[in-house]
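Please read the points alongside the model.

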Amino acid sequence: MTTRIDARFAQCKAENRPALVTFVMAGDPDLATGQAILDALPQAGADVIELGMPFSDPMADGVAIQLAGQRALAAGQTLTGVLAMVEAFRRKDETTPIVLMGYYNPIYIYGVDRFLADAKRAGVDGLIVVDLPPEEDAELCLPALAADINFIRLTTPTTDDARLPAVLANTSGFVYYVSMTGVTGAAIKSRGAVGEAVERIKTHTDLPVAVGFGIKTAEDAADIGKYSDGIVVGSVLVDAVGRSLENGKATDRTIAAVRDIVADLAGGVRRARA
């Protein structure tokens with residue numbers, strides 16, 4: 001079965017460009033504005049959407065995404081609410097893939113079987129759960145695959161050739177290469193090293209490889225897009241939300257701030273192999 005993720009990466013490959021994968025936090029800065037931001041992403045140029053599931057202890061995230069999660073939780077966002085956002089999005093858009101990204105604890109509390117059934121019904125295409133290693137695949141990865149939901153795995157500069165086969169064994173959809181050690185929001189130190197890492201990963205898998213962490217501008221997207229099948233952008237988008245607020249509330253600049261950055265990045269990925 002060809003999934004939405006498969007189809008979108010194939011489309012981008014046919015257009016000789018990397019996919020633009022955008023991350024936003026579900027319900028940031030409030031539920032209505034968060035929905036409006038999500039709905040605006042495809043028209044702005046996003047090919048795949050990662051939708052953050054807010055969590056109180058986001059250990060892999062930098063300050064910008066931590067603050068976004070805090071704003072969403074303060075606005076009343078829940079995992080049920082995240083799925084409702086996807087369901088509302090699907091009423092308008094049947095083709096753009098949505099990947100839920102976050103941590104296992106909220107899913108565990110929700111109940112794995114119930115969560116997967118509800119996520120599939122809502123229109124979720126994939127999951128990235130950053131604190132579940134391959135040794136825990138029976139917890140969520142294998143049930144997700146059985147429910148026809150892609151399970152996307154992270155690889156890092158410290159994932160060597162001995163470890164890669166285990167990491168990639170049950171990965172589907174695409175591989176997310178984290179371009180540096182540390183948390184989200186830092187800067188890429190060596191773009192040449194990123195290209196070498198992507199080539200090394202591709203010797204182990206036929207899946208598309210998308211690169212994230214440290215991509216902030218259209219120039220970054222164009223440069224990293226030369227080496228990868230996709231580029232992932234998150235911190236700069238959630239930071240734009242935060243900077244647009246007044247007294248913690250959304251303004252008439254909030255949605256436009258995200259939309260404009262995504263449109264600029266979309267131009268970057270289209271220049272990547274020109």
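Where is the place of aspartate 148?

1. Aspartate 148 sits in the loop between helix 7 (141-146) and strand 5 (150-151); helices (H or I, at least four residues) and strands (E, at least two) are DSSP runs numbered from the N terminus. The model is predicted, with local features needing pLDDT of at least 70 and side-chain atom pairs pLDDT 80 or more, while totals for chains, interfaces and linings use all residues. Residues are numbered from 1 along each chain as its sequence is written, and side-chain values use heavy atoms, leaving out hydrogens and water.

2. Aspartate 148 has a positive phi of about 65° although it is not a glycine. Its relative accessibility of 42% makes it partly exposed, a class lying between buried (under 20% relative accessible area) and exposed (over 50%), with a 1.4 Å probe and protein chains only.

3. Asparagine 16, in the loop between helix 1 (4-14) and strand 1, is likewise not a glycine and shows a positive phi of about 55°. Asparagine 16 is partly exposed, at 47% relative accessible area.

4. A cis peptide bond joins aspartate 28 to proline 29, with omega near 0°. Proline 29 belongs to the loop between strand 1 (19-25) and helix 2 (31-44). Most peptide bonds are trans, and most residues other than glycine have a negative phi.

5. Helix 1 gives the most to the lining of the second largest pocket, with four residues. A pocket here is an open set of points on a 1 Å grid over the protein atoms alone, where a 1.4 Å probe fits, with protein on both sides within 12 Å along at least five of seven lines; lining residues have an atom within 4 Å of a point. Among the lining residues are Phe9, Lys13, Asp206 and Arg273.
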